[in-house]
Amino acid sequence: MGKRTNNNRINNRQGFTLLETIVAIAILALAITGPLELAARSIGFANVSKNQIVAFYLAQEGMEYVKNIRDENFLTTGNGWLDGLDSCRAISGCYINVPNEEIGACASDCPVLKFDASNHYYDYSPGGEKSVFIRTIKITDVVGNIDEAKVQVTVAWTDKVGQKTFTIEDNIFNWK
């Protein structure tokens, strides 16, 4: 008989075992899912930040519109300094449709703002797409000073994180 060679034997170390393959796939899956989860959360936080910025600008727009009416009352109409803002002095406040220069009293809640994609602004027109924002404007008299009023503009919305509100307040004066 001839010599016996090792060519006929199967070498057990030629490839990966099933266990080694499963461990390698698990490590690879963990390495991929971490950054994907981080990217998904970042997109969610970016949406929350976008809503906060929009709410800030909607509140600022409401405040500026109230100040503009006060100034117009003095400069052009000669009316009382808060004329035209009576519905904002109610307990439930008012809503102001800035592009159409409309002021309306809120029932128990103010209506939801709509987004007009063609003009890129928020208003209450029937053609706009319903947004998540509700803007409420309240004006209260300052006790002891008939020439001062507190203006409070609150923008409320609900997103994936939950119910959010942004409020700005300013005291305005009868400067005439």
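**Overview**

The protein chain has an accessible surface of about 12000 Å², 57% of which belongs to carbon and sulfur atoms; accessible areas come from the Shrake-Rupley method with a 1.4 Å probe, and for residues only the protein chains shown count as cover. This is a predicted model, in which local features need pLDDT of at least 70 and side-chain atom pairs count only at pLDDT 80 or more, while totals for chains, interfaces and linings use all residues. Residues are numbered from 1 along each chain as its sequence is written, and side-chain values use heavy atoms, with hydrogens and water left out.

**Fold and dimensions**

- The chain contains 1 helix and 7 strands, where helices (H or I, at least four residues) and strands (E, at least two) are DSSP runs numbered from the N terminus.
- Along the sequence, these elements follow the pattern α-β-β-β-β-β-β-β.
- The C-alpha trace spans about 125 × 40 × 30 Å along its principal axes.
- The radius of gyration, taken over C-alpha atoms, is 32 Å, whereas a compact globule of 176 residues would have a value near 16 Å (the globule rule is 2.2 Å times the number of residues to the power 0.38).

**Nonpolar core**

- Buried residues (under 20% relative accessible area; exposed is over 50%, and partly exposed in between, with a 1.4 Å probe and protein chains only) make up 28% of the 176 residues.
- The largest nonpolar core has 28 residues, and Val66, Phe133, Ile137, Ile139 and Val151 have the most contacts inside it; such a core is a set of buried Ala, Val, Leu, Ile, Met, Phe, Trp, Tyr and Cys residues joined through side-chain atoms within 4.5 Å.
- Helix H1 supplies the largest share of this core, 8 residues.

**Salt bridges**

- The whole structure holds 4 salt bridges, each defined as a side-chain nitrogen of Lys or Arg within 4 Å of a carboxyl oxygen of Asp or Glu.
- One of them joins the side chains of Arg135 and Glu61 (2.8 Å, N to O), linking strand S5 to helix H1 across 74 residues.
- Arg135 counts as buried because its relative accessibility is 1%, whereas Glu61 is partly exposed at 28%.
- Another joins Asp170 and Lys67 (2.8 Å, N to O), which lie in strand S7 and helix H1 respectively, 103 residues apart.
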